Amino acid sequence: MPAHARRSGPPRSRQEHPGRPPANRSRAGRPRTPRTDPARRAAYDVLRAVADRDAYANLLLPALLAERGLTGRDAAFATELTYGTLRGRGTYDAILAACSDRDEIDPPVRDVLRLGAHQLLATRVGRHAAVATSVDLAKDACGPRPSGFVNAVLRRVATRDLEGWIQIVAPDRARDPSGYLAVRYSYPRWIVDAFRDALGPDAPAEIEAALAAGNVRPEVVLALSPAGPPDPDAAGPLPDGERTRWSPYGFRLASGDPAPLVAGGLAAVQDEASQLAALALTRTGVPGRDELWLDLCAGPGGKARLLSGLAAARGARLVASDVRPHRARRILETLRRAGGGNHGVLAADGRQVPWSPGTFDRVLVDVPCSGLGSLRRRPEARWRKTPADVAGLAVLQRALLNSAIDSVRPGGVVAYVTCSPHLAETRDVITAVTQDRDDVTILDAPAALPEVPALRGPGSGFAQFWPHRHGTDAIFLALLSRLPSGAA
């Protein structure tokens, strides 16, 4: 029987006693048998690690499931609880505040309540089971004292469905549209405003679709190797799935584990928009030589892998660089698995590069960013990032773009890529850099991807992918050409 279909018994109503042993110990001092099923406990432990240690759910959860032997329906239920609760946190917190008489709730208890609210409002778990198992989880994880509080709050939550609660707890839409959308779709207000600004004139018609798409768990998309794996027999046949709409190397999994394909060098997990951004760089014509390409911020290596194969097909060589040595080693291993490329990998700060100016014919600079374009993959990021983080990243992004332009020869091309639609990380970075230089011009990025519709982003010549338009991450792309000396 799957974890979500069973419960550990009725809620316990005994009062705490000063002489009673701790919740996880018996009177004899022996460990108690946990009341909570393993799937719910795994989800709770991930939520606590995200809050206490800034852990990444997409990295921790698979490891925890493997460590605890959770597979099949139990693993799927733990995954739904974890990601669903992280995505809905803002909405659930507003509802829990309306159902609680406390101004402050201890963080561990709050995570129990969030998990319970998600089960009650967004899953098919029965009301009684959702409340009872949450009370059991509170006893196991927090001790017996908060269990009555958890029981009372979740019973209040269970009196309405999600839509009913949103009508009560969300601000009035006409008076505070951003506040309403923030509660309905569970985003910080500043991200709602940032998405609206990035959508520009299309915002009134698209803002809700954009926010809703960020709450849909994405499918697994692979980038097949242009060169083919060094050992095709090691990877085996492709699993169930289909080719992506626009990238000739994209493959969308319907089921199955991508790990054998990745280990065999046949594919790497990579969003279709990321693949297309790399392809756009290769489609832009450059006069004269076309022999040496650079991936300036190459970690974790997805775009470098694709570019290496495409460069090799043209007789060119890719150099991949990353500031962290351990990431540079991972990139090298990724490129070796993919096979067929002529490449070099080094560890270097992209702002203080070891090569001479004008060394490369093509440069990709996929800058560190807020990650607001991939919130459907990393739902906790929306609660970690702040406007101050974006402002700080913009300084780094401008420095890296300047370095990329310096690294390309006159007549060469630079692709500026970031996984964010925030104007401070996209249009504003390009505008600030190009206004201070007279040796660069902005090219028409959407023209390099004519097969992709509705791609024109904010400002002249920029491309902006969106989950609700393209089914991809919200990747931004700008293409720039280094002008010959004196051309300006």
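Q: Why is Thr 85 called buried in this predicted model?
A: Thr 85 has 2% relative accessibility and therefore counts as buried; buried means under 20% relative accessible area, exposed over 50%, and partly exposed in between, with a 1.4 Å probe and protein chains only. This is a predicted model, where local features need pLDDT of at least 70 and side-chain atom pairs pLDDT 80 or more, while totals for chains, interfaces and linings use all residues. Residues are numbered from 1 along each chain as its sequence is written, and side-chain values use heavy atoms, without hydrogens and water.

Q: What makes a polar contact between Thr 85 and Leu 81?
A: A polar atom of the Thr 85 side chain lies 2.6 Å from the backbone oxygen of Leu 81. A polar contact is a pair of N or O atoms within 3.5 Å; within protein, one must be able to donate a hydrogen and the other to accept it, and residues adjacent in sequence count only if both atoms are side-chain atoms. Thr 85 itself lies in helix α3 (residues 72-87); helices are DSSP runs of H or I with at least four residues, strands are E runs with at least two, and both are numbered from the N terminus.

Q: Why does Asp 439 count as buried?
A: Its relative accessibility is 16%, so Asp 439 falls in the buried class. Asp 439 sits in the loop between α19 (427-435) and β10 (440-442). The side chain of Asp 439 also makes a polar contact of 2.9 Å with the side chain of Arg 437.

Q: Which residues of α4 meet α8?
A: Thr 91, Ala 94, Ile 95, Ala 98 and Cys 99 of α4 meet Leu 162, Trp 165, Ile 166 and Val 169 of α8.

Q: What makes β2 and β4 edge strands?
A: The open sheet has four strands in the order β2-β3-β1-β4, with antiparallel pairing. β2 (241-243) and β4 (267-269) each pair on one side only.

Q: How do you know that β1 and β4 pair?
A: Two strands pair if DSSP finds at least two bridges between them, and three bridges join β1 (residues 221-224) to β4. In one of these pairings, Ala 223 has Ala 268 of β4 as its bridge partner.

Note on methods. Contact means heavy atoms within 4.5 Å.
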